[in-house]
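Here is a short report for a first look. Take a moment with the sequence and the structure, then read on.

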Amino acid sequence: MKQIAQVVANLAAWLETMRAAPGSAAQGYGGPVVHWWQNCLSFTGAGLDWRYEGIISGYLTLWQRTGENRWLAPARCAGDELVKGQLPGGNFRDSTFELNPYPGGTPHEAAADLGLLRLALALRDVGNESAATPYAAAAMRNLEAYFLNRLWDPTAQSFRDHPDMPSLVPNKACTLVEALFAAACWQGTEEWITCYGLPTLESVLQLQVMAPGWLYGAIAQNQIRGQVVEAYFPYYNARCIPALRLAYDHTGQEHWLASAAAALAFIQYHLDDEGRLPQVVYRRDLNRYPQWIAPLGDVLRAADLLAPYGVSFTGEPVVAALLAGQQPGGGIVTGRGFGSQISQRFRSQAEPDFRDCIPVAGWADKAFAYLAGRVPPDQPLPPPQLQPVKQPCRLRHRAAIWQETETRMSLLANGQTLYHWQKGQPWAAVVAPEVMWK
Amino acid sequence: MILADPLRRPGLVYQYAFDWLAVQLSATSGHAAALVSTLFHGVELMRRLSALPFLEPLPPELIRGGLALGVSPLHTLAGETEAAALAWLEPRRADAAQMPTIRQRLQPGGLLYLLAAGPLARFLAERQQNEAAGDPWPAAEALTTLTAAGFRLQSAFALHGLEAVAWHCLGEGCARLGQRHWRDRAHFAMRRAFVTPFSPYRPFAIACLTLERLP
């Protein structure tokens, strides 16, 4: 197994290959997106979404952990991109990840705010308040104009997922609560925590299953017009844990920690021997595929947050699954089994679906943020070692080849280019109809 | 109304259609421009290609919509410039009269990317809310007229045909029976079938046609 420092060096170098071309209108980290809900393969421009949480956090961690000042620059550059990409109404341009190109992404804008606030707090900690202020100001403006003014539901005492629809999506609400805690830290006032954060988390607890069984600890995916959607995503449960821990730290009330520990127990229960999780667990069934790989960074981060409180988690297989997902190009693949999303039958020996080969900035950032915290302290990272990727795969039962270099991603079959993205460009150059797959 | 709220997204059919146009137009060497029939189409193109010129001067509402999206005001394709590619978004029957203009503004060998309504378009939310064109020029009719006027069909596909509709209905049935896991799988089957070969004799919501202007 490669050393963590080399993995992180390669991943950081890969992330930088995903940046928009110098001089282009919208600067930032771009590339195709694959996801459970929807893919976004045509739009490849900079997405000012949750990738910025992990990217900024990862670079800040490297800066603080290695003692190398060179890692602060990309964190600040990412913060500058968010500030420049803020729209007149406070939202961020192209912030909806798999739904891009649209603003108003949830939890994406809250996650971007969290990245900005972490950056601002880190700069203030070293006495550079003037540099920190624009980042914090952009985050506060987004939080106030969008989340507090448009998505807060005073009747439900929680945040909606859409201004016009009574709804609650726990993992998104929890990311937002994390941002509110960071904002409170910046402002030095608890108002947003007590008025918005804690009431929202109380609503989240209403959606957690505490009865014994295979759903013990699971938090439902969402509630729409009062109706609970009984789909339980282990990954999204992991995204709820940091906010629950913050609530415990803030109030000292045991039920927050118990909720976080139960959510982690649900994840542990469904973890297989290879360190992978099913995608969705329902009351009596599950849809296992695709299984996340790069996003496992968030699962490990959640487990680490609870470890000091004696909440145990068997993380070694998860770390192994995460590291095994790194390609020679430095990116970490998003998941495996995208081609099994319908049949839910998967053969690990067979050539993968082409989407299993695609590393995505907005998933790899989760691995980056976690792994950056595992590099040996006070040591510089080694130089990156990137190689081209050439992976046989399948596209709708057709044999194909996925290729990635530092300048492009492409999919070929029978000598024909079916997909081509020149890195840095806001749109893929070629998207054949069979690859047009949202 | 989509212009009043920059956060609103169109449905899946239009997301596919507009993304397809964006890929084609951004890959064009030479001038590209668009002709839109509604503000809805204009805003969606502007979100994707903020520097894309339009063939006709734009109404002030569209320019205001662009500013709300953080996009600079739009401009029109200069004077007698011949475009290497034109996008024509859901023309209405009455817009057929613009065909000579389109032919004139497109260089010989240039490509016309046409979004044309199919029989199922009337079920789209955007159509029911009068955001997309009323009285659309049906794809089959548009194709016949354009080929007679010196355009050659180069490639075509359709969005949201019968197979996708069937999977969608099956999924909703599963959801009503409380079979959420089957509903999700049917939903992904619907998405897999979303892009389908174009045939004027089969139902679909929107056709994406590429036509070459013959000399």
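Which residue in S11(A) does A:Pro392 stand opposite? The answer is A:Ile401. Keep in mind throughout that this is a predicted model.

## The hairpin in chain A

Start with the two strands behind that pair. Strand S10 of chain A covers residues 389–395. Strand S11 of chain A covers residues 398–404. They pair in the antiparallel sense, over seven bridges.

Now look at the turn. The hairpin of S10(A) and S11(A) has two residues between the strands. There, A:Arg396 takes a positive phi near 50°.

## The sheet around it

Five strands form an open sheet, in the order S10-S11-S12-S13-S14, and the pairing is antiparallel. S10 and strand S14 (430–431) of chain A stand at the edges. Each has a single partner strand, so one side of each is left without a neighbour in the sheet.

## Where chain A meets chain B

How many residues of chain A are in contact with chain B? The count is 33, and they touch 33 residues of chain B. The area buried between the two chains is about 3,200 Å². Carbon and sulfur atoms give 59% of that area.

The interface of chain A and chain B holds one salt bridge by the rule used. The side chains of A:Lys438 and B:Asp19 meet in a salt bridge, at 2.6 Å from N to O. Polar contacts between chain A and chain B come to 13 residue pairs, with both residues at pLDDT 80 or more. On the side of chain A that touches chain B, 19 residues are nonpolar, nine are polar and five are charged.

## Chain B as a whole

Chain B has eight helices and six strands. From the N terminus on, its elements run α-β-α-α-β-α-β-α-α-β-α-α-β-β.

Is chain B compact or extended for its length? Its radius of gyration is 18 Å, close to the 17 Å that the globule rule gives for 215 residues, so chain B is as compact as a globular protein of that length. Along its principal axes, the C-alpha trace of chain B spans about 60 × 40 × 30 Å.

Technical notes: Residues are numbered from 1 along each chain as its sequence is written. Chains are lettered from A and ligands numbered from 1 in the order in which they are written. This is a predicted model: local features need pLDDT of at least 70, side-chain atom pairs count only at pLDDT 80 or more; totals for chains, interfaces and linings use all residues. Side-chain values use heavy atoms; hydrogens and water are left out. Two strands pair if DSSP finds at least two bridges between them. Helices (H or I, at least four residues) and strands (E, at least two) are DSSP runs, numbered from the N terminus. Contact means heavy atoms within 4.5 Å. Buried area is the accessible area (1.4 Å probe) that two parts lose on being put together, summed over both. A salt bridge is a side-chain nitrogen of Lys or Arg within 4 Å of a carboxyl oxygen of Asp or Glu. A polar contact is a pair of N or O atoms within 3.5 Å; within protein, one must be able to donate a hydrogen and the other to accept it, and residues adjacent in sequence count only if both atoms are side-chain atoms. Ala, Val, Leu, Ile, Met, Phe, Trp, Tyr, Cys and Pro count as nonpolar, Asp, Glu, Lys and Arg as charged, and the others, Gly among them, as polar. The radius of gyration is taken over C-alpha atoms; the globule rule is 2.2 Å times the number of residues to the power 0.38.
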